[in-house]
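This report describes the charged pairs and the nonpolar core of one protein model. Please keep the sequence and the coordinates to hand while reading.

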Amino acid sequence: MPRGFDTCLAEGVALFDSGRFFEAHEVWEEVWQHEHGPRRLLLQGLILVAAGWLKRDAGNARGAWTLFSRALERLEPLPPACEGMDVGGLRPQVAGWREGGPCDRPLLARLLHHQTGGP
């Protein structure tokens with residue numbers, strides 16, 4: 001039985017923030033297949049962001065640009081706050097990462113606000 005959405009979202013954020021992008025991708029992928037609607041789009045966007053950072057760290061700027069662009073396509077339809085994630089704050093960060101300029105290590109935890117209830 002798959003782990004729950006909230007558990008996987010939080011675990012993936014912690015892995016992502018520690019630079020373990022592949023592991024974050026795997027945790028989010030574990031649950032996205034079982035989700036629908038905004039949750040599914042959010043997870044797909046985060047999976048693509050993690051993959052984009054893997055490409056960026058490997059020096060593949062073109063691959064990173066493509067993955068960050070695809071992430072934005074998933075994140076754009078979402079409301080500014082979705083499932084406790086500050087998507088409105090995440091989108092401009094992803095757009096900046098896509099352009100490949102210098103930036104600090106990405107941190108998602110400050111964009112995650114624990115909540116109760118639905119999307």
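Helices (H or I, at least four residues) and strands (E, at least two) are DSSP runs, numbered from the N terminus. The model is a predicted one, in which local features need pLDDT of at least 70 and side-chain atom pairs count only at pLDDT 80 or more, while totals for chains, interfaces and linings use all residues. Residues are numbered from 1 along each chain as its sequence is written, and side-chain values use heavy atoms, with hydrogens and water left out.

The 21 residues of H3 should span 30 Å at 1.5 Å a residue, and its end C-alpha atoms lie 31 Å apart, which agrees. The expected span of a helix is 1.5 Å times one less than its number of residues. After H3 comes Gly59, whose phi is positive, near 85°.

The buried residues of H3 include Leu42, Leu46, Val49 and Trp53. Against the buried residues of H3 pack H1, H2, H4, E1, E2 and H5, where contact means heavy atoms within 4.5 Å. Leaving aside neighbours within four places in sequence, Leu42 is in contact with Phe5, Leu75, Leu78, Cys82, Glu83, Met85 and Val87.

A nonpolar core is a set of buried Ala, Val, Leu, Ile, Met, Phe, Trp, Tyr and Cys residues joined through side-chain atoms within 4.5 Å. The largest such core has 37 residues, and Phe16, Trp28, Leu42, Met85 and Val94 have the most contacts inside it. Helices H1 (5-17), H2 (21-32), H3 (37-57), H4 (61-75) and H5 (87-99) each supply at least two residues of this core. With nine residues, H3 gives the most to this core. In soluble globular proteins, nonpolar side chains tend to be buried together.

**Salt bridges**

A salt bridge is a side-chain nitrogen of Lys or Arg within 4 Å of a carboxyl oxygen of Asp or Glu. The structure holds four salt bridges.

| Glu | Arg | N to O distance |
|---|---|---|
| Glu35 | Arg39 | 3.7 Å |
| Glu73 | Arg74 | 3.9 Å |
| Glu99 | Arg98 | 3.2 Å |

How exposed are these side chains' residues? Glu35 is buried, with a relative accessible area of 13%, whereas Arg39 counts as partly exposed at 23%. Glu73 is exposed at 53%, and Arg74 is partly exposed at 23%. Glu99 is exposed at 55%, and Arg98 is partly exposed at 24%.

**Glu83**

Glu35, Arg39 and Glu83 are linked in a network of salt bridges. The side chain of Glu83 makes a polar contact with that of Arg39 at 3.1 Å; such a contact is a pair of N or O atoms within 3.5 Å, and within protein one must be able to donate a hydrogen and the other to accept it, residues adjacent in sequence counting only if both atoms are side-chain atoms. Glu83 is found in the loop between strand E1 (81-82) and strand E2 (85-86). Glu83 is buried, with a relative accessible area of 5%. Phi of Glu83 is near 55°, a positive value in a residue other than glycine.

Technical notes
Buried < 20%, exposed > 50% of the residue type's maximum accessible area, 1.4 Å probe, protein only.
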